[in-house]
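Thanks for coming, everyone. Let me put the model up, and then we can walk through it piece by piece.

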Amino acid sequence: PEKGGDEHNLKKQKAAYEILSDPEQRAKYDRYGLEGLEGGAGGAGGPEDLFSMFFGGRGGGRRSTGPKRGEDVNHPLKVSLEDLYNGKTVKMAVSRQVLDGEPKMCTNCSGSGVVVELRQIAMGMVQQVRRKCPACNGEGYMAPKKRQREVLEVLIEKGMKNESKIVFRNKADEKPNMEAGHVNFIIQQKPHPLFKRKGADLLITKSISLNEALCGFEWKITHLDNREIIIKSRAGEIIKAEKDNKAPFVKIVQGEGMPSHGNPFVRGDLYVLFTVEFPEDGDLKPDQIDMLRKILPGASMAIEYDPEVAEVAHLQLGDVKNFGKGGVASHDRAYESDEEGAGGAQQVQCQQS
């Protein structure tokens, strides 16, 4: 107070110093908190309570008195699409640490898992440094431990998705005075050579000839449950190269997707993405072309023109990526390329007469 300090705060600092300086008081504080020092059986104390003493409310109050839970352990589990479709139970062996005796409170930290060191920074001012107890490795209690091997039956349910979690509660390492964590198996879906999956839907890609696209097709697939399914076009059904909005041409087989997780009797759809293979130049003979022209609708009509006046232009294969790069720009680039090939551009010098 003589130096202008707040008398109320100085009293709090002095009380905190007395608590932490007295081994018996500090043990009660570490175990029961501030309420324990007042005769109650409160929760274990920490820096939050002391900050509250110093600064009036900082730290958020008392900590929960419920049992802590240890760290969870995650194991990736690679699963085929067939097993996710049909369901399967696999046996997985895990090794974990278990307690082999009655836990005892660590006398070094009085069960708090931390030790508090005091450093004097000025006359009547101390700083507390909190660190993990080296004797119990921060667990607060000590007990004999051993390794235990256990075989878990992991149920892969129908329709489970990639990154789904199968949880075995309290099967992780045991620690004294602490609830064991969980063992989680994380589904990692393997790629499939035929099917692609999104949610409960499946997708396959199918290339068909122009003949099949116009006249019909049928082909066989083996589904994920080994059923043989014949996919066949209806009479008069036409498969286009793309939709009117330029999107890929897709049709579906309803109810032949994946079972829904939790309700396997409801299934998604099987999407078929088509690509139509057209004949190459020269594949069709003149008589075949004449026949197709007569059969197919929308044949090109002959036009009248004077060959002495009109110019006939033939098409060459192009790339839309080059659109906008023609004209003078392309000729200039070709000219520069020729000069570079002849030894590079010559420096122009000017002389004033």
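Start at Ile295, which sits in helix H6. Helices here are DSSP runs of H or I with at least four residues, strands are E runs of at least two, and both are numbered from the N terminus. Before going on, the ground rules. This is a predicted model: local features need pLDDT of at least 70, side-chain atom pairs count only at pLDDT 80 or more, and totals for chains, interfaces and linings use all residues. Residues are numbered from 1 along each chain as its sequence is written, and side-chain values use heavy atoms, with hydrogens and water left out.

Back to Ile295. Its relative accessible area is 59%, so Ile295 is exposed. The classes are: buried under 20% relative accessible area, exposed over 50%, partly exposed in between, with a 1.4 Å probe and protein chains only. Ile295 belongs to a nonpolar surface patch with Leu214, Ile238, Leu284, Ile289, Met291, Leu292 and Leu296. Together they show about 670 Å² of accessible area. That area comes from the Shrake-Rupley method with a 1.4 Å probe, and for residues only the protein chains shown count as cover. Patch members need over 30% relative accessible area and no salt bridge; like charges are joined within 9 Å, and nonpolar side chains (Val, Leu, Ile, Met, Phe, Trp, Tyr) within 5 Å. Which helix gives the most to the patch? Helix H6, residues 286-295, with four residues.

Next, the sheet. Four strands form an open sheet in the order E10-E11-E17-E14, and the pairing is mixed. Two strands count as paired if DSSP finds at least two bridges between them. The edges are E10 (196-198) and E14 (249-253), each pairing on one side only. Neighbouring strands are turned by 35° against each other on average, direction ignored. Those axes are lines fitted to C-alpha atoms, for helices over the stretch in contact, and angles run from 0 to 180 degrees between N-to-C directions. E14 and E17 (residues 270-277) run antiparallel, joined by five bridges. One of the residues to look at is Phe249, whose bridge partner in E17 is Phe274.

Keep your eye on Phe274. The whole structure has four aromatic pairs. The criterion: rings of Phe, Tyr and Trp (its six-membered ring) pair if their centres lie within 6.5 Å; planes under 30 degrees apart are stacked, over 60 edge-to-face, the rest tilted. Phe217 and Phe274 have ring centres 5.7 Å apart and planes at 55°, so this pair is tilted. Phe217 is in the loop between helix H5 (210-215) and strand E12 (218-222), and Phe274 is in E17, so the pair ties together parts 57 residues apart in sequence. Phe217 counts as buried at 10% relative accessibility. Phe274 is buried too, at 4%. Trp219 and Phe274 also pair, edge-to-face, with 6.3 Å between centres and 90° between planes. Here Trp219 is in strand E12, 55 residues from Phe274 in E17. Trp219 is buried, like Phe274.

Now the hairpin. Strands E4 (residues 114-122) and E5 (residues 125-132) run antiparallel, with eight bridges. Arg119 stands opposite Gln127 in E5. Two residues separate the strands, and Gly124 in the turn has a positive phi of about 75°.

Asn137 has phi near 60° and lies in the loop between E5 and strand E6 (141-142). Lys246 has a positive phi of about 70° and lies in the loop between strand E13 (228-232) and E14.

Last, the charges. There are 13 salt bridges in the whole structure. Each is a side-chain nitrogen of Lys or Arg within 4 Å of a carboxyl oxygen of Asp or Glu. Among them is Glu174 with Arg96, closest N and O atoms 3.8 Å apart. Glu174 is in the loop between strand E8 (165-168) and strand E9 (183-189) and Arg96 is in strand E2, so the pair ties together parts 78 residues apart in sequence. Buried or exposed, what is Arg96? Buried, at 9%. Glu237 and Lys251 make another salt bridge, at 2.5 Å, N to O. Glu237 is in the loop between E13 and E14, and Lys251 is in strand E14, 14 residues apart. Glu237 is buried at 15%, while Lys251 is partly exposed at 30%.
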